[in-house]
Each structure stands twice: as C-alpha cells, then as structure tokens.
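Subject: Structure handover

Hi there,

Here is the structure I promised to pass on to you. My notes on what turned up in it follow below, so please have a look whenever you get a moment.

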Amino acid sequence: MKKVRIALLGLGNVGRGVWKILQFNQDEIRKRSGYDIEVAKVLVRDMNKARGVDIPEELLTTDFNDIIEDSSIKIVVEMMGGIEPAKEYMLEAMKKKKHIVTANKMVLATEGDQLFETADKEGVMFYYEASVAGGIPIISGINESLTANKIEQLYGIVNGTTNYILTKMALDGMEFEEALEEAKEKGYAEADPTSDIEGFDAAYKLAILSSLAFGTKVEFDQVYREGITNITSEDITYAKEFGYVIKLLAIVKEINNKLQLRVHPTFVPATHPLANVYNSFNAIFIKGNAVGDLMLYGRGAGDLPTGSAVVGDIISILRNNVDLESYLPSVKNNLWHKEFIDMKDVECKYYIRATVEDKPGVLGELTTMFGKNNVSLRSVIQRGKEQGEEGVSLVLVTHFTKEENLLNAIDLINIAPYVVKVDNIIRIENF
Ligand code: NAP
Ligand code: HSE
C-alpha cells in the first residue's frame with residue numbers, strides 16, 4: 001500500500017472531525033484512495049488546549065515552518081478559518097507544490113482569485129467541498145453532475161447556526177440568545193458568530209455557489225445581505241398565520257441574462273420542501289433547465305459532517321494522483337460575463353409589520369401611501385391594543401412589487417406622525 005503524509009492546519013471543530021474520520025474509517029479510506037494516510041503535523045495556536053481527541057502530542061506544532069519545509073508532506077488541509085494567515089499559508093504551501101483542501105468560505109469568497117490562480121500556476125489541486133453546506137456534496141454536484149444544465153434559480157439554506165436558531169424560536173418558543181448559545185456549544189457557529197447571524201457566512205457561500213452554478217465571477221460584495229437579528233417571535237407567529245415559515249435564504253436567479261443575488265430572512269410557503277429543513281440541517285434547491293427541481297439536503301455544520309466533505313476532498317486528490325506535478329484545477333468560474341441586478345429593481349412580495357397609533361383613519365392613510373407608490377396590498381391584519389402597549393400592531397402583505405416602490409412607500413410611512421415604528425419588512429418567495 002502506498003503512503004501519503006498530510007498536514008492539518010487547525011484542530012478545532014472541523015479539524016477534530018477530520019482526525020476522527022481518518023481514524024474510524026481508516027480501512028474504507030485506504031481501500032477507496034489506494035493510500036495509507038499519515039497525519040504528519042497539526043498546526044494549532046495553543047499547545048496547552050484540551051483537544052478532546054486522542055492525538056499524539058508530538059504531532060502538534062505552532063510553527064508553520066515545520067509543515068512548509070517538510071517536502072514529504074504532499075497535502076495541506078486548512079481548517080483554521082479567517083483570511084490571514086490562512087490565505088498566506090495556503091499560497092506558501094502551493095508554491096511548495098503541496099495540494100490544498102480548505103473548508104474556509106470566507107477566504108474563498110473574498111480572496112479566491114489569488115488562490116485559484118496560484119493553484120493553476122503551481123499545478124496543484126485545490127479542493128473546497130466543505131466550504132459550502134458542510135457535508136452536502138453541492139460543489140461537486142454543480143461542478144460535475146449538473147454540468148449538462150443551465151441552472152436558472154438556486155435557493156439555499158446554507159447556514160446551520162441561523163437555521164438552528166430560527167427552528168428553536170419557531171418550534172420550541174426559545175429566545176434568540178439562548179438558541180445562539182446552543183448553536184455555539186454544538187460547534188455550528190463561526191469563531192465570531194456575527195458572521196452567521198448577520199448573514200455574512202451565507203453571503204460568502206452564495207458568492208461561491210453562484211460563481212460555479214452560473215459560470216460567472218461573483219464578488220462577495222455583489223450579494224445583497226440581511227441577517228436574522230431583527231426576527232421576533234411576533235414575525236414567526238404571523239408567518240405561521242399566513243401559511244409560511246421564516247428561513248434565512250441565499251437566493252440567486254437569472255433573469256434576462258442578469259443575476260439577482262440576495263441573502264435575507266424569507267417567508268417560505270409551509271408546503272415547500274425548504275420550509276421543512278430544521279435545526280442545523282442545510283438544503284439547496286435548484287431549478288435546472290434539464291433536471292427540473294432538485295433538492296440536496298443534509299447537515300451543513302458540525303465536526304463529522306464537515307469532516308466528511310474534507311476527507312472526501314483528500315481522497316479525490318489521492319485518486320487524481322497526488323504525485324502528478326501539473327494538474328489544472330477544474331474550476332473555471334468565468335465562462336460567461338453576466339450583469340447583476342440592483343436590489344432596488346428586484347420584484348418580490350413583502351410582509352410589513354408596523355406599530356401604529358389606534359386612531360380612526362390611520363389604516364386608510366397608510367394604504368393610500370402604498371397605493372401612491374404603486375404598491376398593491378394583498379392583506380392587512382390589525383391586532384387590538386394590549387394593556388400598556390404604545391400602539392397597535394399592523395401587518396400588511398403586498399402583491400408583487402418593485403423593491404424601490406416599496407421602500408419609497410416605507411420612507412413616507414416612517415415619518416407619518418401616527419406611526420410609532422416600522423418593526424420589520426420580510427420578503428416572501430413563492431418559488
Ligand atoms: P475552530 O473550532 O475555531 O478551530 C480553528 C482551529 O484553527 C483551532 O484549532 C485553532 O487553534 C486553529 N487556528 C486558528 N488560527 C490559527 C493560527 N493563526 N495559527 C495556528 N492555528 C490556528 O473553527 P472550526 O469551526 O473548526 O472552523 C474551521 C473552518 O471550517 C472555518 O473556515 C469555518 O468557516 C469552516 N467550517 C466550519 C464548519 C463548522 O461546522 N464548524 C462547517 C463548515 C466549514 P487552537 O485550537 O489552538 O485555538
Ligand atoms: N457557521 C457555519 C454554519 C458553519 O453555521 O453553517 C458551516 O459553514
């Protein structure tokens with residue numbers, strides 16, 4: 001049996017998952033890859049941290065030189081997170097002809113060009129399945145199995161932390177903070193969970209997926225982004241009343257050769273398969289012009305599901321021949337030039353929740369403001385005033401309208417004297 005030496009950068013949630021899989025599936029991996037995989041070194045920050053896995057102490061190092069200067073190490077697996085030093089370490093390793101596997105969507109979505117170019121130039125393989133949707137094989141799905149299609153629309157629940165929080169709020173009546181703490185304990189959240197709850201993590205993933213699915217280069221800052229921190233139990237209850245479930249969706253649609261790219265909380269019809277994706281599960285729903293509707297579902301975060309994608313990438317490299325010096329990576333994400341649609345031109349249905357004074361004529365004046373801006377209303381609910389409350393809750397649902405028109409109406413409503421505040425605006429998708 002041939003032997004290969006690899007190095008792990010990071011032994012956190014994902015690193016531990018990879019270590020465990022390499023141990024408990026050793027035999028399967030050996031047979032499937034044709035190699036005995038030896039972990040030669042593991043880079044960490046803190047040598048004294050308890051690791052929770054049975055790993056020989058002598059494998060740990062805090063010095064990247066121990067890895068980069070060891071020519072017997074053929075594959076470097078980056079699971080540290082963040083941009084630096086992850087990017088620099090991967091570039092240095094590529095220049096030393098080491099193949100790379102990464103789980104890091106942040107560095108791919110923001111600095112991917114340099115990494116792909118260097119991999120290409122140095123003739124090394126660069127795999128990144130775990131960067132989007134943890135254990136779901138969506139990258140290889142798009143890059144390999146779906147290449148016969150023109151993908152028209154893609155909707156993803158691609159962040160496990162926010163899906164876990166929204167599930168706990170909807171099904172268990174849990175408060176936001178409590179659910180976030182649980183997601184952190186379970187190892188789903190990023191080191192800085194702002195990235196999860198403010199939608200950055202989903203936007204990084206959407207930039208990667210849409211580049212691949214639509215064959216055009218998508219920069220992270222071309223993705224419109226909103227997180228879930230504004231969602232309250234009232235929104236969740238109203239959504240249910242209207243027959244919807246609130247999910248943080250990453251959406252890309254091609255309309256007249258232009259792409260719409262957005263991440264935001266969304267009302268999803270309760271009957272749609274995406275509405276039934278709970279806890280830390282992820283799912284990606286694709287409309288292809290040959291395959292039709294397709295959904296991939298699985299665990300999007302956590303040590304073993306993510307480790308499964310990382311180890312799968314290591315095996316792919318071994319199968320492609322780890323000793324081959326010049327191998328071109330298969331990702332070419334600039335096959336076509338595509339324009340991007342400005343968010344103000346996006347057309348959606350909207351849910352609007354506002355607190356208003358309980359006075360005669362208020363409802364009439366508000367609906368007139370919508371009408372003047374070409375926003376047609378589908379339904380309106382007004383709740384009676386609870387004792388001690390400043391105003392009453394008014395909920396409106398629109399027909400399809402241009403975002404610009406909606407925002408013009410909201411600008412007027414915001415300054416109306418009888419409006420206490422506009423509490424939330426959530427887009428509705430009907431697929
Ligand atoms: P984590 O638990 O915070 O682990 C990070 C590891 O990297 C730790 O072992 C840390 O060392 C090490 N590290 C960080 N900076 C370092 C540095 N400058 N020098 C040396 N070592 C350093 O993170 P994670 O959850 O495993 O996530 C890792 C990557 O996978 C991220 O890119 C994340 O976005 C991605 N990802 C995570 C998941 C998930 O479910 N968690 C799923 C898919 C993708 P110490 O332990 O000594 O501090
Ligand atoms: N923090 C990410 C999530 C990890 O919650 O989905 C997986 O990328």
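**Around L261**

Leaving out residues up to four places away in sequence, L261 touches L206, S210, V218, Q222, V223, Y224, I251, V252 and F340, where a contact means heavy atoms within 4.5 Å. L261 sits in strand 10. Helices (H or I, at least four residues) and strands (E, at least two) are DSSP runs, numbered from the N terminus. At 4% relative accessibility, L261 counts as buried; the classes are buried under 20% relative accessible area, exposed over 50% and partly exposed in between, with a 1.4 Å probe and protein chains only. L335 lies 74 residues from L261 along the chain, and their C-alpha atoms are separated by 18 Å.

**Ground rules**

Please keep in mind that this is a predicted model: local features need pLDDT of at least 70, side-chain atom pairs count only at pLDDT 80 or more, and totals for chains, interfaces and linings use all residues. Residues are numbered from 1 along each chain as its sequence is written, chains are lettered from A and ligands numbered from 1 in the order in which they are written, and side-chain values use heavy atoms, with hydrogens and water left out.

**The chain as a whole**

The protein chain has 14 helices and 18 strands. How does its radius of gyration sit against the globule rule? A compact globule of 431 residues would come out near 22 Å, and the protein chain has 24 Å, which agrees; the radius is taken over C-alpha atoms, and the rule is 2.2 Å times the number of residues to the power 0.38. The C-alpha trace spans about 80 × 45 × 35 Å along its principal axes.

Of the 431 residues, 54% count as buried. Among contacts between residues at least 6 apart in sequence, 73% join residues at least 24 apart. The accessible surface of the protein chain is about 19,000 Å², and 46% of that belongs to carbon and sulfur atoms. These areas come from the Shrake-Rupley method with a 1.4 Å probe, and for residues only the protein chains shown count as cover.

As for charge, there are 48 positive and 63 negative side chains, and the centres of the two sets lie 4 Å apart. Lys and Arg count as positive and Asp and Glu as negative, while His and the chain ends are not counted. Each charge is placed at NZ of Lys, CZ of Arg, CG of Asp or CD of Glu.

**Aromatic pairs**

Rings of Phe, Tyr and Trp (its six-membered ring) pair if their centres lie within 6.5 Å; planes under 30 degrees apart count as stacked, over 60 as edge-to-face and the rest as tilted. By this rule the count comes to 14 aromatic pairs. One of them joins F267 and Y351, a tilted pair at 4.6 Å centre to centre with 35 degrees between the planes. F267 lies in strand 10 (residues 258-269) and Y351 in strand 14 (residues 347-356), so the pair ties together parts that are 84 residues apart in sequence. F267 is buried at 1% relative accessible area, and Y351 is buried too, at 0%. Ring pairs also link Y238, Y244, F267 and Y351 into a cluster.

**Backbone spots to check**

- The peptide bond from E84 to P85 is cis, with omega near 5 degrees; P85 lies in the loop between strand 4 (73-78) and helix 4 (86-95).
- K97 has a positive phi near 65 degrees, in a residue other than glycine. K97 is in the loop between helix 4 and strand 5 (99-102) and counts as partly exposed at 36% relative accessibility.
- N374 also has a positive phi near 65 degrees and is a residue other than glycine. The loop between helix 13 (362-372) and strand 15 (377-382) holds N374, which counts as exposed at 62%.

**Two more residues**

E339 is in strand 13 (residues 339-340) and is partly exposed at 43% relative accessibility. Apart from neighbours within four places in sequence, E339 is in contact with N257, K258 and L259.

D120 belongs to helix 5 (residues 105-122) and is partly exposed, with a relative accessible area of 34%. D120 and I6 are 114 residues apart in sequence and 20 Å apart in space, C-alpha to C-alpha.

Best wishes
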